[in-house]
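Dear colleague,

I am pleased to hand over the structure to you. Please look through it first; my notes on what was found follow below.

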Amino acid sequence: TYTELIWNISENWTLRNGSSYSETYYDALRRVGAGLNAAGTHITATPVYNDNKNSATNTQTDLTGQFKLPFGKLTAVLGQIYSENDSRAIQWNAPGSPFAVLDRSARTYDIPAFPSSSYNRTQYQLNEGKNERYYAMLQLTTLNDRLTVLGGVGRSHVEPKVTNLQPAVPTVSGSSSWNTSPQMGASFRIRKDLTAYAMYGESFSPNGNFPGQPEEGQSWEAGLKFGSERPSGTPAWFDTTRESIEVQAFDPILARNVPSIAGKQTATGVELDLYAKLTAQTEVIFSYAHLDTENVIPDIRFAAAAGTRLGDAPTDQFKVWVKQTLPDIGALRNLWAGIGVIYVGDMVADHDAARFQLVAPSYTRVDLGLGAEHKLSGGQKLVFKVNVENLFDEDYVEKQITRGWPRRFKASVGLKF
């Protein structure tokens, strides 16, 4: 559920409140593969039953004031964000059985019914968390709206609690900590179609499984924004550092991810987004990113990961999409055809801290698209779209060790009033 209330107190002041509540459940009997044998011919598939629940309550209230001053415009914001999260994770495992890696029929084997004596409970954990953040921000626009300067500060309080009911003697751990995080930035319009900007910020967030060890980070970004009637784009540089990050590694014995703390990770890169309307009928969209990442201080369980790249973060990737508007054909209007090319460089293919040596090769994928509209007698429009993804049937691995879709077709028809 979600609610939002807005009160225009006066010409200068506005009060807003938004709140939401959600519950999610995960109740599943499944198979989990792990434990590839030394010969590489068989894998142990473990029957697993999960009974998990998560609930979240969030509220945000802010007071905004806007003022015209002799030297510019001033915006002031005061606010508070409050959230509560409660989760339950329960898991039962049954003894695993070896199945041939390439034996597709092995996927149809039977799983013992649950509940039964075959299953042993391997996890029963309750997570509770209360987070609150108070913040203030000032933004000044001056020099005939050419210069914008903003500064803000947030004061955060986190109070996580973890109750582990699985051991013979249950354990409870919790903490309460405060943190102050500043943010600042500025932009300057050099000319009508060119603006430079720079930003700095610090972050702070709790690690649910490690009370008392919150994640902290710093980030810098600078770039240009340019645009006219036809070409527009944004080249940007950024640098981020995160410390005390909660990471996951799969445990083949427990048949689930086990959390740990990594000390420090960095990411530095450049991005370029371009849009060009070459002619009245031809548009081009292009994006490129170069990323240098590093596990500076990795998960202590995998010290050899020091100096390696972060998971799911290719060093280079780009996308280009060309759209051509075509002449009308009979009753079909607004015809268009497009072709896209996606390139993703090689990358460590998973966030799992244990898989830092697993590298997925680079790939290039080509997509096609077609579209048209047909006007009905009542004034409505039928909108037709056809897409061909992976035109050349490239076999590739995406992020999180997910195999990319083979060639596939998508078609849709919509009614526009």
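Please keep in mind throughout that this is a predicted model.

I begin with Asn 390, which is buried because its relative accessible area is 1%, under the limit of 20%. This residue belongs to the loop that joins β20 (381-389) and β21 (408-416). Its backbone also deserves a look: Asn 390 is not a glycine, yet its phi is positive, near 60 degrees.

Asn 334 is another residue with a positive phi, about 50 degrees, although it is not a glycine. Asn 334 is found in strand β16, which covers residues 332-344. With a relative accessible area of 45%, Asn 334 is partly exposed.

A further point about the backbone concerns Pro 115. The peptide bond that leads from Phe 114 to Pro 115 is cis, its omega being near 0 degrees. Pro 115 is located in the loop between β5 (97-100) and β6. Phe 114 also takes part in an aromatic cluster, together with Tyr 49, Trp 92 and Tyr 119.

How many aromatic pairs does the count come to? The count comes to nine. In one of them, Tyr 200 and Trp 220 have ring centres 4.4 Å apart and planes at 50 degrees, so this pair is tilted. Tyr 200 is in strand β10 (residues 194-205) and Trp 220 in strand β11 (residues 215-227), so the pair ties together parts 20 residues apart in sequence. Tyr 200 is buried, at 12% relative accessibility, whereas Trp 220 is partly exposed, at 44%.

Tyr 363 and Tyr 396 form a stacked pair, with 4.2 Å from centre to centre and 25 degrees between the planes. Tyr 363 lies in strand β19 (residues 363-375) and Tyr 396 in the loop between β20 and β21, so this pair links parts that are 33 residues apart in sequence. Tyr 363 is buried, with a relative accessible area of 8%, and Tyr 396 is buried as well, with 4%.

The charged end of Lys 225 sits over the ring of Tyr 197, 5.3 Å from the ring centre. Likewise, the charged end of Lys 323 sits over the ring of Trp 336, at 5.0 Å from its centre.

Leu 143 lies in the loop between β6 (120-142) and β7 (147-164), and is partly exposed, with a relative accessible area of 48%.

Yours sincerely

Note on methods:
Residues numbered from 1 in each chain as written. Predicted model: local features only at pLDDT ≥ 70, side-chain atom pairs only at ≥ 80, totals over all residues. Heavy atoms only, no water. Helix = DSSP H or I, 4+ residues; strand = E, 2+ residues; numbered from the N terminus. Buried < 20%, exposed > 50% of the residue type's maximum accessible area, 1.4 Å probe, protein only. Phe/Tyr/Trp six-rings, centres within 6.5 Å; stacked < 30°, edge-to-face > 60°. Lys NZ or Arg CZ within 6 Å of the ring centre and 35° of its normal.
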